[in-house]
Amino acid sequence: MAKPNKPQPAASGKAPRTGKPSVPIKQDKKERGPRPPVERRDFAAGHFSANSGKATEASFGARISRRAADRLRDGHLWVYASDIEHVEEGGGEAPTLMPVADNRGLLLGTALYSPASQIVLRLVSRELLTEAAWLEVLAGRLRAAITLRKPLLDAGTNACRLVFSEADELPGLIVDKYAGVVVLQLLAKGLDTAETRRVCVEVLSEELKEPTLTIWERPDPRIRELEGLSAPTLTPLFARQAKKPASDAAFRLNGLSFHFDVNSGQKTGAFLDQRQNYAAAAAWAQERGVKKALDVCTYQGGFALHLARVCEQVTGVDASHASLEVAERNLEINKAALSAEVDWVEADAFELLRGWSDAATPESAWDLIVLDPPAFAKSKRAVEGALRGYKELNLRALRMIRPGGLLITCSCSHHVGWSDLESAVASAAVDVRRRVTLLERRGAAQDHPVVLNLPETEYLKCLICQVD
């Protein structure tokens, strides 16, 4: 491996000095011990070795760029395909785990390996792990993540995200609980093994005591294609009642009931990250005496039904007929807890708001509007177009809100930052000559923790604003 270039002296017209330094450096050889062994990657030999020459168990590995190594040392967990300098997979099938070294050969840790993905490596340890050791680590981190969430569950809320991937040091693993139904998502090729599934099932079945506990695997179709994952099984991974495995459930959030079907819906079947924002929206509506509220992109009625507990009239809008059918079912099972008249409108949000805002009058104005659209920017390249979309939705909503009313506007695009979203709303406010005051910034619920070294864990943004 070529040595890095030494820094060159500044040009002075003189030849550089090549002799000993002008001030001799004294060293006491008696006090100097042997250098500690440094874990180093010997790619020619095909294994990691220490200065002592003793070989480790690894017979394959990856060497990454200095930029990627610095990112890992700063606490991040991903290595992109563009940062791979060399990979040895060993013989046979591609390994699920891979040692990772920097461009000098220094060991950085062990990562899940996804050869077909843009995210080729996901670090799971800062040490060299065998497959058996990794499975022990997996079990321990699973238990820790579940223990962290258990205090969030009670009679009013029996659904939450049990495992949030990188935020729980389990990159590529998502586990969501909906009452007695648990959905597992494996989003990285390195997790796509029978042993990984076995450990997940063992831990979940031991930690969760529901008599109807059923564990399903539900891969994300887009991620499955990108990662080259195996085809999903059509039967549950585990069912406590083997003769009657549950595939649907009625789960509770903030005291309201919602239908869940493992075979339908977005993500793992429903959205859990907005739970605390639902409650915050209802609290603001109650404090401000909101009577008339509009929930745009309502999906299965999350914001709408929470607002219906404190308002007189609530309308939910969504382009998906199937989602609104579930929203109607959710409305029926919560009727006794609601005070508002609720209706659903099936329509494209942009087209509907364009027409409604152009025809807006003081009499038709809303007291509160929620904007909770799907992710507009799934990549950095899409951010510019996404911001145009956010501005357009917010501009139309601002034209329809009465003076002193509330706008609750959300983005679930990681690539759209707080300043991006706020700028889009501010620009819309300028165009429609409305004064918008930020009352509160909110993120995802507690079961979706944000790790500051991992900006990808902070994706959901929710702004609660007053419109004058």
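1. Start at the hairpin of β10 and β11. It has 2 residues between the strands, and Ala-179 there takes a positive phi near 55°. Note that this is a predicted model.

2. β10 and β11 (residues 181-186) share 6 bridges. Within that pairing, Val-175 has Leu-184 of β11 as its bridge partner.

3. β10 also pairs with β9 (residues 159-164). The two run antiparallel and are joined by 5 bridges. Here Arg-161 stands opposite Asp-176 of β10.

4. Is β10 buried or exposed? In β10 (residues 173-178), 6 of the 6 residues are buried, so the strand is largely enclosed by the rest of the structure. Side chains in a regular strand alternate between the two faces of the sheet. Both faces of β10 are covered. Leu-173, Val-175 and Lys-177 are buried on one side; Ile-174, Asp-176 and Tyr-178 are buried on the other.

5. Tyr-178 also belongs to the largest nonpolar core, which has 44 residues. Tyr-178, Phe-251, Leu-307, Val-314, Trp-344 and Leu-368 touch the most other members. Helix α5 (residues 275-288) gives this core its largest share, 5 residues.

6. Leu-368 deserves a look. Setting aside neighbours within four places in sequence, its contacts include Ala-281, Ala-285, Val-290 and Lys-292. Ala-293, Leu-294, Leu-307, Leu-406 and Ile-408 are also in contact with Leu-368.

7. There is a second, separate core. It holds 32 residues, among them Ala-349, Leu-371, Leu-398 and Leu-407. In soluble globular proteins, nonpolar side chains tend to be buried together.

Methods
Residues are numbered from 1 along each chain as its sequence is written. This is a predicted model: local features need pLDDT of at least 70, side-chain atom pairs count only at pLDDT 80 or more; totals for chains, interfaces and linings use all residues. Side-chain values use heavy atoms; hydrogens and water are left out. Buried means under 20% relative accessible area, exposed over 50%, partly exposed in between (1.4 Å probe, protein chains only). Helices (H or I, at least four residues) and strands (E, at least two) are DSSP runs, numbered from the N terminus. Two strands pair if DSSP finds at least two bridges between them. A nonpolar core is a set of buried Ala, Val, Leu, Ile, Met, Phe, Trp, Tyr and Cys residues joined through side-chain atoms within 4.5 Å. Contact means heavy atoms within 4.5 Å.
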